[in-house]
Amino acid sequence: MSYLKPADFVEKMVDAGEAKAFMSTRDTVLRAYMAGAILALSAAFAVTITVNTGEPLLGAVLFPVGFCMLYLLGFDLLTGVFTLVPLALIDKRRGVTVRTVLRNWGWVFLGNFAGAFTVAVMMAIILTMGFSVDPSAVGEKLGEIGEARTLGYAEHGAAGMLTLFVRAVLCNWMVSTGVVAAMMSTSVSGKVIAMWMPIMLFFYMGFEHSIVNMFLFPSGLLLGGDFSLRDYLLWNEIPTVAGNLLGGLTFVGLTLYATHARPAPTRQPTETAAD
């Protein structure tokens, strides 16, 4: 049977978190680099579709292809390890400590950023013919996205920061649901279908994904977007990472673990007067 019951795939979640916590630095960085690069290419693909067709929904429908590819290839995103690795600590797996968890997060962050930035540079070269001409329509769109999702939040001050943070929370609620959903099935088709739906939702709704943004904003800066590195870090990347952590761990990892791995005692039926 290709479907796994919740108690079974939650156990797989904890096992996956433990395996990632003890993975070598080389493999952690390499897998994170490839994940960041593939997701960045998928984001570039979705933006290109949106610009060329004028239909954002079509871009969102096709964006999950990159997520499915990187997951099936065994690569790691920061948003996924935010959800899975702490479960090994909570489950008291031998040798897993707070330091191990933070080490994994740190290396995955660096690997994701390196991969996404590599693609940002490559796309900037493609969209400007090696920086010899003005950016194409897709390049201009990338610059506009960077401005709207940094300065656009900054214009509203604390309210803008709150909006950014909540969008990041909702994003990894959906993305981590996609990661976990893939564990529900043992077939490739089942995994892809389960992943596709929540990833499509987050992208079309404009939620904030820290690794996608590692591509969108550096590429926007390279292509002449009217915002600064400080704007990107303060008014997007840092709050997005924090929101992604809260969304994935709280609404996916901990909830599933609590109710399926450590459920509360079942209630007993009460005896009636007639009995």
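These legends accompany close-up views of a predicted model.

**View 1. Phenylalanine 63 meets phenylalanine 202.** The model holds eight aromatic pairs. In this one, the ring centres of phenylalanine 63 and phenylalanine 202 are 5.8 Å apart and the planes stand at 80°, so the pair is edge-to-face. The partners come from distant parts of the chain, 139 residues apart: phenylalanine 63 is in the loop between α3 and α4, and phenylalanine 202 is in helix α10. Phenylalanine 63 is buried at 1% relative accessible area, and phenylalanine 202 is buried at 3%. Together with Phe203, Phe63 and Phe202 make up one aromatic cluster.

**View 2. Phenylalanine 82 pairs with tryptophan 105.** Here the ring centres of phenylalanine 82 and tryptophan 105 are 5.0 Å apart with planes at 85°, so this pair is edge-to-face. Phenylalanine 82 sits in helix α5 and tryptophan 105 in helix α6, so the contact ties together parts 23 residues apart in sequence. Both phenylalanine 82 and tryptophan 105 are buried.

**View 3. Glutamate 18 bridges to arginine 93.** Among the eight salt bridges, this one brings the closest N and O atoms of glutamate 18 and arginine 93 to 2.6 Å. Glutamate 18 is partly exposed at 23% relative accessible area, while arginine 93 is buried at 15%.

**View 4. Aspartate 91 bridges to arginine 262.** The closest N and O atoms of aspartate 91 and arginine 262 are 2.9 Å apart. Aspartate 91 lies in the loop between α5 and α6 and arginine 262 in the segment after α12, so parts 171 residues apart in sequence are tied together. Salt bridges link Asp91 and Arg262 in a network with Glu11, Asp15, Glu18 and Arg93.

Terms used
Residues numbered from 1 in each chain as written. Predicted model: local features only at pLDDT ≥ 70, side-chain atom pairs only at ≥ 80, totals over all residues. Heavy atoms only, no water. Phe/Tyr/Trp six-rings, centres within 6.5 Å; stacked < 30°, edge-to-face > 60°. Helix = DSSP H or I, 4+ residues; strand = E, 2+ residues; numbered from the N terminus. Buried < 20%, exposed > 50% of the residue type's maximum accessible area, 1.4 Å probe, protein only. Salt bridge = Lys/Arg side-chain N within 4 Å of Asp/Glu carboxyl O.
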